[in-house]
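This briefing covers one protein chain. Please look over the sequence and the model before reading the notes.

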Amino acid sequence: SSDACTLVWRGAAAQVVGTAVTQTTKTSSSAKSVCGYTATATTETVAIYVEQAPGGDAKKVVVAALLSTAPAASRLTRGITGIGDAAGARFGANDAAVVFARGPLLFVLTATSAGLNGTALLPKLQPLAAQVATAS
């Protein structure tokens, strides 16, 4: 399934940010599925995006994003092995993202937290991405 909310349930999202969350976003079309969870305080969020890769080659998209020449907005600063066909991550002061390819689909998992920096969020987000890659 490529339904984002089926791939990441509320309890799993809560574990990433360490606090209860509720589903706040759910959109689905043939090209893209999005699911978002937000904590009551709204300072913690977890989201997953599943979309058809342009040209149908998701691995190519991830590999390009891992290059140092990739545009800053889409650049992945760390390669990850063992998740999907290709995977990478990026993190900031209070956020982290894991992006991976599986066939024609591109998966993006993001987390933000007021209390955790990106380097602390990433190890929590990575196992979730691995679970999603296995389930999808």
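The notes below cover strands, a helix, and side-chain contacts.

The model is predicted, so local features are reported only at pLDDT of at least 70 and side-chain atom pairs only at pLDDT 80 or more, while totals for chains, interfaces and linings use all residues. Residues are numbered from 1 along each chain as its sequence is written, and side-chain values use heavy atoms, with hydrogens and water left out. Helices (H or I, at least four residues) and strands (E, at least two) are DSSP runs, numbered from the N terminus. Buried means under 20% relative accessible area, exposed over 50%, and partly exposed in between (1.4 Å probe, protein chains only).

**Strands and hairpins**

- Strand 1 pairs with strand 2 in the antiparallel sense over seven bridges; two strands count as paired if DSSP finds at least two bridges between them.
- The hairpin formed by strand 1 and strand 2 has three residues between the strands.
- Strand 2 and strand 3 (residues 45-52) also run antiparallel and are joined by seven bridges.
- Five residues lie between the strands in the hairpin of strand 2 and strand 3, where Thr42 takes a positive phi near 60°.
- Tyr37 in strand 2 is the bridge partner of Gln23, and Val46 in strand 3 is the bridge partner of Tyr37.
- Strand 2 spans residues 32-39 and is mostly covered, with seven of its eight residues buried.
- Ala47 belongs to strand 3 and is buried at 13% relative accessibility.
- Between Ala47 and Asp57 there are 22 Å in space, C-alpha to C-alpha, although they are ten residues apart in sequence.

**Ser33 and its contacts**

- Ser33 sits in strand 2 and is buried, with a relative accessible area of 4%.
- Its side chain reaches the backbone nitrogen of Ala4 at 2.9 Å.
- The side chains of Ser33 and Ser28 make a polar contact at 3.4 Å.
- A polar contact is a pair of N or O atoms within 3.5 Å; within protein, one must be able to donate a hydrogen and the other to accept it, and residues adjacent in sequence count only if both atoms are side-chain atoms.

**Salt bridge**

- One salt bridge is counted, the rule being a side-chain nitrogen of Lys or Arg within 4 Å of a carboxyl oxygen of Asp or Glu.
- The side chains of Lys26 and Asp3 form this salt bridge, at 3.3 Å from N to O.
- The pair links distant parts of the chain, 23 residues apart: Lys26 is in strand 1 (residues 21-28), and Asp3 is in the segment before helix 1 (4-7).
- Both partners are partly exposed, Lys26 with a relative accessible area of 46% and Asp3 at 22%.

**Aromatic pair**

- The count of aromatic pairs is one.
- Phe100 and Phe107 make up the pair, which is stacked, with 4.6 Å centre to centre and 5° between the planes.
- Rings of Phe, Tyr and Trp (its six-membered ring) pair if their centres lie within 6.5 Å; planes under 30 degrees apart count as stacked, over 60 as edge-to-face and the rest as tilted.
- Phe100 is buried at 0% relative accessible area, and Phe107 is buried at 1%.

**Helix 4**

- Helix 4 (residues 118-135) has 18 residues and reaches 25 Å from its first C-alpha to its last, close to the 26 Å expected at 1.5 Å a residue.
- The expected span is 1.5 Å times one less than the number of residues.
- Lys124 marks a kink of about 25°, shortly before the proline Pro127; the bend is the angle between axes fitted to the seven residues ending at a residue and the seven starting there.
- Buried residues of helix 4 include Leu121, Leu122, Leu125 and Leu128.
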